[in-house]
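Hi everyone, thanks for coming.

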Amino acid sequence: MQEIKKYVEENKQRFLDELFELLRFPSVSADPKYKGDVLKTADYVAQKLKDAGADKVEICETAGYPIVYGEKIVDESLPTVLIYGHYDVQPADPLELWKTPPFEPTVRDGKIYARGACDDKGQFYMHVKAFELMMKTNTLACNVKFMIEGEEEVGSANLGIFVNANKERLKADVVLISDTSMISMENPSIETGLRGLAYMEVEVVGPNRDLHSGVYGGAVANPITILCKMIASLHDENNHITIPAFYDKVIELTDAEKTALNAAPFDLKEYKEDLEIAAEWGEKGYSTLERTGTRPTLEVNGIWGGYIGEGAKTVLPSKANAKISMRLVPHQSSDEIAEIFTKHFESIAPDYVKVKVTAHHGGEPVVTPTDSIAYRAAEQAIVDSFGKKPIPTRGGGSIPIVALFESALGIKSVLFGFGLDSDALHSPNEKYDIYNYYKGIETLPLFHKYFAELSKG
């Protein structure tokens, strides 16, 4: 630890400067106007992997944005760690809610504020700097491969094609991912599961054109009103999802599993104060930790229609739209859920509107083992770095490629995140604590050390 801490201390300003440079690229994969910036980000990542000591660094073209690959094979007899991350980010909208520009990283109270600060530039770049540290101090104990993609925020549509076409190149013993969170730096944790995702878009169409609300209002169905009623019907009075067969494959936690999950430090009062809400909301009969980690959900991510400009326009709109995501738990299939959602939404549409449902990207839920060599290595790294044993938790988010790695490469992942749930991922004023960034760089070399030692048997 002393050698690690010494290297980080000597290079901490450079580590921060490089991250800031990375954060200045507006690598928004969802918006074609940022294409040039996304490609420049890939170039920057590739160069930094070379600078850190990686061999065979390559920008691998796909049908979408490229995947940056690099490796360092120390000894074929040693175990290999495949590090995954993504250099693309969510759109920064709404821009007016940012206190400082989203692509000009700013430090306030020891925290870096920028789009991508935590998700996932700050987190994957910890691995690049930890790798540099191990190379410079001659302490790299494993073979390392990097695969940093540019389409995670839009569903990783081309990653599966790349993985299946490069199985030999990507051959490894474990996938190491830092795109998740810890409970806190005082209560370090390791996520042992993630929910899946089915992302849908719906359109409700009424008349063939926008109408004068005085002339036609009350006689022609308003698509916005109908859409709102249809969405509201997707939950009952207990906030239980009403789609038939939605819960058919959901397995309830045992009493022991519930007890273990709810033993994690959680202060409901602080939770509500942080969000400035008077009360929590969710499926009746479950705790907040159960709702966010082990239960499926259905949420409206966006809704629009009609006139939303300045002033007034008394219009009865022709159509209304919404984007809806469903988080899934083990044994639920994203394809199956997308299908039953489509059938149900179409079935509840009244005759006076037409409905179109489009399935966007999806991903499968995963649970990672806590008795594997890789998990034990991560656990011991936390003990050495934080001075206490990490708490296993379930993550509420989705990383669809974790299931892909398991099915295509036959290897499990370790979800070794250093973010916090309060880091405003996908929201204005996203942040990442500088302390967490440095702590990750200090802790990751220990994972490699223990993974190599434990793999010897």
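Helices (H or I, at least four residues) and strands (E, at least two) are DSSP runs, numbered from the N terminus. Angles run from 0 to 180 degrees between N-to-C directions, with axes fitted to C-alpha atoms, for helices over the stretch in contact.

Now, this is a predicted model, where local features need pLDDT of at least 70, side-chain atom pairs need 80 or more, and totals for chains, interfaces and linings use all residues. Residues count from 1 along each chain as its sequence is written, and side-chain values use heavy atoms, with hydrogens and water left out.

First, a sheet. Strands pair here if DSSP finds at least two bridges between them. There's an open, antiparallel sheet of 4 strands, in the order 12-14-10-15. Strand 12 (297-305) and strand 15 (354-363) sit at the edges with a single partner strand each, so one side of each has no neighbour in the sheet. On average, neighbouring strands are turned by 15° against each other, ignoring direction. Strand 12 pairs with strand 14 (319-328) over 8 antiparallel bridges, and Val300 has Ile324 in strand 14 as its bridge partner.

What lies across these strands? Helix 10 (334-347) lies across strands 10, 12, 14 and 15, at about 20° to strand 10. Helix 6 (223-232) lies across those strands too, running at about 15° to strand 14.

Next, another open sheet: 3 strands, order 4-5-20, antiparallel pairing. Neighbouring strands here are turned by 30° on average, direction ignored. Helix 13 (434-455) packs on this sheet, touching strands 4, 5 and 20, and its direction makes about 60° with that of strand 20. Strands 4 and 5 (111-113) share 3 antiparallel bridges, and Val107 stands opposite Ile112 in strand 5.

Last, what does the record say? UniProt, in an unreviewed entry, lists residues 192-352 as "domain: Peptidase M20 dimerisation"; its positions are given in the numbering used here, feature names are shortened, and annotations may be inferred rather than shown by experiment. That span is 31% helix and 22% strand, and its end C-alpha atoms lie 47 Å apart.

How values were computed:
Contact = heavy atoms within 4.5 Å.
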